[in-house]
Every structure is written in C-alpha cells, then in structure tokens.
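The sequence and structure come before the discussion.

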Amino acid sequence: MRVDEVVKKVDDILIENYITEPPVDVYELARLNGVEVIEKVFPKEYSHISGFVSKDDGMRKMYVNLLDSPNRRKFTIAHELGHLILHPEELQKNPNRSILFRIAIGELNKDPLEKEANIFAANLLVPLSMLERYKDDKSNNELAQFFGVSQDVIGYRLDLLERSKGNVLAKTS
C-alpha cells in the first residue's frame with residue numbers, strides 16, 4: 001500500500017469518527033473497532049515487545065506493555081489498529097505479524113507492513129492538517145503535550161510537514 005493510501009485511510013477514519021481536534025483517543029477508536037485493549041506488564045523475556053493483537057474466543061484483544069510510557073502505549077495502540085485496519089488478511093494468515101517490537105523513532109524498519117502500520121499510527125496521532133493549525137502557536141513541548149505524544153514524534157512530524165511543503169512548492173514552481 002502506498003503512503004498516500006495509508007494517509008487517506010486515516011483521514012477517512014478521522015472524518016467518520018468526527019475527530020477534528022487533538023488528542024486522538026486511540027482507546028476509544030480501538031473500542032469502536034471491536035478491540036478490547038488490555039494493558040499489562042509483560043514477562044521479562046518479552047519486555048522488548050510493546051504490543052500485539054490476538055483473537056481469543058472470537059474477540060479481538062490488543063495487549064499493550066504497561067511498562068511503556070503512556071505516550072508509547074498510545075502509539076502502540078495506533079500501530080496495532082493500523083495492522084487491524086490495513087492488514088486483516090495478513091493477520092488472519094499470520095497472527096504473529098502484529099507483534100510490535102520496540103524500535104527507536106526514526107530507526108528504519110525494513111518490513112513494509114510495519115512501515116505502513118507506523119505511518120498509520122503517526123498520521124492518526126498527529127495528523128498533519130491538525131499540526132499545521134497549531135504549530136505556530138505552541139512550542140514543541142506544548143505540541144507534544146497537546147497531541148499526547150513524545151517530543152520526538154512532534155519533531156519528526158514537524159520535519160515531515162516542512163518537507164511536504166517544500167515538495168508542494170517544488171511542484172508548483
């Protein structure tokens with residue numbers, strides 16, 4: 001799936017759920033998509049895992065590592081929702097595909113499905129249209145608090161916003 005297709009899917013979800021202001025409540029979106037979110041401490045041997053989705057007794061459940069920061073847990077939920085919405089057939093065939101291993105922001109993930117789920121999560125938590133509205137009135141720290149994400153995520157999204165403006169200007173010149 002192309003990046004613009006993932007972004008369009010997120011935009012559609014935001015519109016369908018009347019979400020026009022941050023922060024995006026990913027817990028509610030999971031519930032609306034029939035997913036129970038369970039936050040718990042993972043055993044030590046699984047501490048490098050942030051979350052995963054499973055189907056127990058016909059119910060979709062999302063397990064999120066309680067030892068992660070609240071912002072990381074929100075990203076994990078958004079990422080796993082991305083898998084559920086973008087990759088339902090793949091999850092049916094291979095349920096292990098939904099396991100989110102902890103990777104630092106900006107670090108490359110070579111798996112195309114993981115990239116798509118990350119793009120989905122970033123666009124869900126910090127839609128560029130919303131960021132554009134508030135970026136001039138708030139510091140990066142204030143933006144991070146306002147959107148309910150880390151300063152690293154805000155920095156990454158602001159950088160992407162600036163690059164996308166440059167691409168638009170280049171196309172119109």
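## Terms and basis

A crossing is left-handed if the near helix is turned anticlockwise from the far one by less than a right angle, and right-handed if clockwise. Helices (H or I, at least four residues) and strands (E, at least two) are DSSP runs, numbered from the N terminus.

The model is predicted, so local features need pLDDT of at least 70 and side-chain atom pairs count only at pLDDT 80 or more, while totals for chains, interfaces and linings use all residues. Residues are numbered from 1 along each chain as its sequence is written, and side-chain values use heavy atoms, with hydrogens and water left out.

## Overall composition

The protein chain contains eight helices and four strands. In sequence order these elements follow the pattern α-α-β-β-β-α-α-β-α-α-α-α.

The protein chain has 173 residues, of which 40% count as buried. Buried means under 20% relative accessible area, exposed over 50%, and partly exposed in between (1.4 Å probe, protein chains only). The accessible surface of the chain is about 9900 Å², and carbon and sulfur atoms account for 54% of that area. These areas come from the Shrake-Rupley method with a 1.4 Å probe; for residues, only the protein chains shown count as cover.

Contact means heavy atoms within 4.5 Å. Among contacts between residues at least 6 apart in sequence, 63% join residues at least 24 apart.

## Packing of H3 against H5

Helix H3 (residues 70-86) packs on H5 at an angle of about 120 degrees, and the two axes are 8 Å apart. Axes are lines fitted to C-alpha atoms, for helices over the stretch in contact, and angles run from 0 to 180 degrees between N-to-C directions. H3 and H5 are therefore oblique to each other. Angles under 35 degrees count as roughly parallel, over 145 as roughly antiparallel, 65 to 115 as roughly perpendicular and the rest as oblique. The crossing of H3 and H5 is right-handed.

On the H3 side, the contact is made by Lys-74, Phe-75, Ala-78, His-79, Leu-81, Gly-82, His-83, Ile-85 and Leu-86. On the H5 side, Leu-113, Glu-114, Glu-116, Ala-117, Asn-118, Phe-120, Ala-121, Ala-122, Leu-124 and Leu-125 take part. The residues of this contact of H3 with H5 divide into twelve nonpolar, four polar and three charged. Ala, Val, Leu, Ile, Met, Phe, Trp, Tyr, Cys and Pro count as nonpolar, Asp, Glu, Lys and Arg as charged, and the others, Gly among them, as polar.

## Packing of H1 against H5

Helix H1 (residues 3-16) packs on helix H5 (residues 112-125) at an angle of about 40 degrees, with axes 9 Å apart. That angle makes H1 oblique to H5. H1 passes H5 in a right-handed crossing.

Val-3, Val-6, Val-7, Lys-9, Val-10, Ile-13 and Leu-14 of H1 meet Glu-116, Ile-119, Phe-120, Asn-123 and Leu-124 of H5. The residues of the contact of H1 with H5 comprise nine nonpolar, one polar and two charged.

## The loop between H1 and H2

Tyr-18 is found in the loop between H1 and H2. Although Tyr-18 is not a glycine, it has a positive phi of about 55 degrees. At 73% relative accessibility, Tyr-18 counts as exposed.

Pro-23 is also placed in the loop between H1 and helix H2 (26-32). The peptide bond from Pro-22 to Pro-23 is cis, with omega near -5 degrees.

## Selected residues and their contacts

Asn-33 is in the loop between H2 and strand S1 (35-40), and Asn-33 is partly exposed with a relative accessible area of 30%. Leaving aside neighbours within four places in sequence, Asn-33 is in contact with Arg-60, Leu-81 and Ile-85. Asn-33 and Leu-81 are 48 residues apart in sequence and 8.4 Å apart in space, C-alpha to C-alpha. Leu-84 lies in helix H3 and counts as buried at 11% relative accessibility.

Tyr-134 lies in helix H6 (residues 128-134) and counts as buried, at 16% relative accessibility. Leaving aside neighbours within four places in sequence, Tyr-134 is in contact with Glu-21, Pro-22, Leu-143, Phe-146 and Phe-147. Tyr-134 and Phe-146 are twelve residues apart along the chain, and their C-alpha atoms are separated by 9.4 Å.
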